[in-house]
Amino acid sequence: MTMHEFTVQDMTCGHCVATITDAVKSVDPSGRCEIDLASRRVVVDSDLSADRIAAANTRAGFSPVRAAPA
């Protein structure tokens, strides 16, 4: 699996966190999400490409931007 990091500035609450997690799980059920709401950082451990993960979150209504690893 590969770690993909995103900044999601329009993620503002717990509901957003759940929606992003569900979006990732919809395209990769075995993918793992670590989300830090305060820093608006989403880290996804997945075999899918970053583009596919970003696309799933875009369809869910968010604007993910690839982030440099912390």
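Modeller: H1 passes H2 in a right-handed crossing, meaning that the near helix is turned clockwise from the far one by less than a right angle. The model is predicted: local features need pLDDT of at least 70, side-chain atom pairs count only at pLDDT 80 or more, and totals for chains, interfaces and linings use all residues. Residues are numbered from 1 along each chain as its sequence is written, and side-chain values use heavy atoms, without hydrogens and water.

Helices (H or I, at least four residues) and strands (E, at least two) are DSSP runs, numbered from the N terminus. H1 covers residues 14–27 and H2 covers residues 50–59. Their axes come within 9 Å and cross at roughly 130°. That makes H1 oblique to H2; angles under 35 degrees count as roughly parallel, over 145 as roughly antiparallel, 65 to 115 as roughly perpendicular and the rest as oblique. Axes are lines fitted to C-alpha atoms, for helices over the stretch in contact, and angles run from 0 to 180 degrees between N-to-C directions.

Now the residues. Ile20, Ala23, Val24 and Val27 in H1 meet Ile53, Ala56, Asn57 and Arg59 in H2. Contact means heavy atoms within 4.5 Å. The residues of this contact divide into six nonpolar, one polar and one charged.

Next, the strands. H1 lies across S2 and S3 (41–46), running at about 160° to S2. H2 lies across S1, S3 and S4, at about 40° to S1.

Note on methods:
Nonpolar A, V, L, I, M, F, W, Y, C, P; charged D, E, K, R; others polar.
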